[in-house]
Amino acid sequence: MSVADLRINGERLWSSLMELAQIGATAKGGVKRLALTDLDKQGRDLVVSWGKQAGMSITIDQIGNVFMRRAGRNSALPPVMSGSHIDTQPTGGKFDGNYGVLAALEVVRTLNDHHIETEAPIEVAFWTNEEGSRFVPVMMGSGVFCGAFTLETAYAAKDTEGKTVGDELERIGYKGTEVPGQHPIGAYFETHIEQGPVLEDADKVIGVVPGVLGLSWYDCVVTGMEAHAGPTPMGLRKDALQVATGIMQEVVNIGNRYPPYGRGTVGMVQVFPNSRNVIPGEVKFSIDLRNVSSELLDTMHQEILAFVEQTSNNSGLHISVERVSYYPPCPFHSDCVDAVRNATATLGCSTMDVVSGAGHDAIYTARLAPSGMIFVPCKDGISHNEIEDAKPEHLAAGCNVLLHAMLAKAQRI
């Protein structure tokens, strides 16, 4: 068999996904396997056992990131790595994160089946607490790995019961000894369900991901005056909600002004005193702005600040806006993007470019090594939901693209 004809075992990939999904399975067909719980330990133990069965050596770092290595001819070369995460949302699905880890494992199993030796080592990684649903910040393991925040900050993070990351890593036996970031990476690929509707809508099987949208998050507070809804004339009101809704609509307008990747969202609103017959005196709400370039994101940032200032002047109400989080846009390395694109051509897959609107561990690995991503469709674009679903043939196609992209890098890195 020539390398061009090499294909993964789609049935084996699907079977592994379904077996892992039984750990933390929910009544609606999803998965609840929060980071560093007993269920997470069971999932980790299962994946590690599969890695050992495939002849891989196991390394765990101090934040619990797991690296499973298949040796190459030249052990001095940095490994070509692929992976994702196996922790889930409280109402998570079978594929978010899990597919990326098990697709990488299936690549190794396929290479073993055909006795193919690579020049560089191949590694499968799964990162700690990507979802951030039990502990914050999100993408914790890869964030510590790349130096975005310290190990001490991560260890001190607490869940709602006051349990810390450091203690829970110790408890489940996954506080390793390797210093995060001292593990070499030659190139990194991550396969993932799209978590959006673009591929399905376009009837394409593979999304080539040139980068990830940057995002700015804000907390906005509009302060007015509570008053009785009956006796207070419209012209004499200091209605915080009516002023806030104007800003909320401008958030959407800003997203629409900068297509195709502009995004403007208000997802959380708190109204005080939240009474039927009281004019709202204070409104707190979130603002989420996203775009593909730093320049566009900065323009959107300036526009919302200017609009808020104008609204405050016109209404006479005090309005505060605080930026609480910022992730710059992340373009992926052209070598990895081209490797994915070339693999789709070799395999004859229908494809299109899809910029990711969600965060992934690849954002952090891209700070240290050439990185790229591969998307496959998910049903109705639904993710972070127990009904999340994907077709076996699409998952197999994405894994085949991963196989050929990794081989291209591992033979010549």
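**View 1. Helix α3 is mostly covered.** Of the 16 residues in α3, 14 are buried; here buried means under 20% relative accessible area, exposed means over 50%, and partly exposed lies in between (1.4 Å probe, protein chains only). Welcome to a predicted model, in which local features need pLDDT of at least 70, side-chain atom pairs count only at pLDDT 80 or more, and totals for chains, interfaces and linings use all residues. Residues are numbered from 1 along each chain as its sequence is written, and side-chain values use heavy atoms, with hydrogens and water left out. Helices (H or I, at least four residues) and strands (E, at least two) are DSSP runs, numbered from the N terminus. How far apart are the end C-alpha atoms of α3? They are 22 Å apart, which agrees with the 22 Å that the 16 residues of α3 (residues 98-113) should span at 1.5 Å a residue; the expected span is 1.5 Å times one less than the number of residues. Just after α3 comes H115, with a positive phi of about 55°.

**View 2. An annotated domain covers residues 214-311.** The name "domain: Peptidase M20 dimerisation" comes from the UniProt annotation of an unreviewed entry. UniProt positions are given in the numbering used here, feature names are shortened, and annotations may be inferred rather than shown by experiment. Over residues 214-311, the chain is 37% helix and 32% strand. The end C-alpha atoms of this stretch are 26 Å apart.

**View 3. Strand β13 and its pairing partners.** Eight of the 10 residues of β13 (residues 282-291) are buried, so this strand is largely enclosed by the rest of the structure. Two strands pair if DSSP finds at least two bridges between them. Strand β8 (residues 214-223) runs antiparallel to β13, and 10 bridges join them. Look for V222, whose bridge partner in β13 is V283. Strand β10 (residues 263-265) is also antiparallel to β13, joined by three bridges, and here G264 stands opposite L289. Strand β11 (residues 269-272) pairs with β13 over four bridges, again in the antiparallel sense. In that pairing, Q270 has K284 as its bridge partner.

**View 4. Strand β6 is covered on both faces.** In a regular strand, side chains alternate between the two faces of the sheet. In β6 (residues 206-209), I206 and V208 lie on one side and G207 and V209 on the other, and all are buried. Which strands pair with β6? One is β16, which pairs with β6 in the parallel sense over three bridges; V208 has D353 as its bridge partner there. Another is β17 (residues 371-376), which pairs with β6 in the antiparallel sense over three bridges, with M373 as the bridge partner of V209.

View 5. Searching the whole structure finds six aromatic pairs. Rings of Phe, Tyr and Trp (its six-membered ring) pair if their centres lie within 6.5 Å; planes under 30 degrees apart count as stacked, over 60 as edge-to-face and the rest as tilted. F67 and W127 form an edge-to-face pair, at 5.5 Å centre to centre and 85° between the planes. This pair links distant parts of the chain, 60 residues apart: F67 is in strand β2 (residues 66-70), and W127 is in the loop between β4 (122-126) and α4 (140-146). Both F67 and W127 are buried. The rings of W127 and Y188 have centres 6.2 Å apart and planes at 65°, so they are edge-to-face as well. Y188 sits in strand β5 (residues 187-193), 61 residues from W127, and is buried at a relative accessible area of 0%. Together, F67, W127, F145 and Y188 form one aromatic cluster.

**View 6. M81 is a buried residue of strand β3.** M81 lies in β3 (residues 80-84), and its relative accessible area of 0% makes it buried. Contact means heavy atoms within 4.5 Å. Leaving aside residues up to four places away in sequence, M81 touches several residues, among them F67, W127, Y188 and M406. The C-alpha atoms of M81 and E190 are separated by 8.6 Å, although these residues are 109 apart along the chain.

**View 7. H360 in its loop.** H360 lies between β16 (351-353) and α11 (362-365). Is H360 buried or exposed? At 1% relative accessibility, H360 counts as buried. Its side chain makes a polar contact with the side chain of S356 (3.3 Å). A polar contact is a pair of N or O atoms within 3.5 Å; within protein, one must be able to donate a hydrogen and the other to accept it, and residues adjacent in sequence count only if both atoms are side-chain atoms. Not counting residues up to four places away in sequence, H360 touches E130, M139, E190, H192, Q195, M373 and F375.
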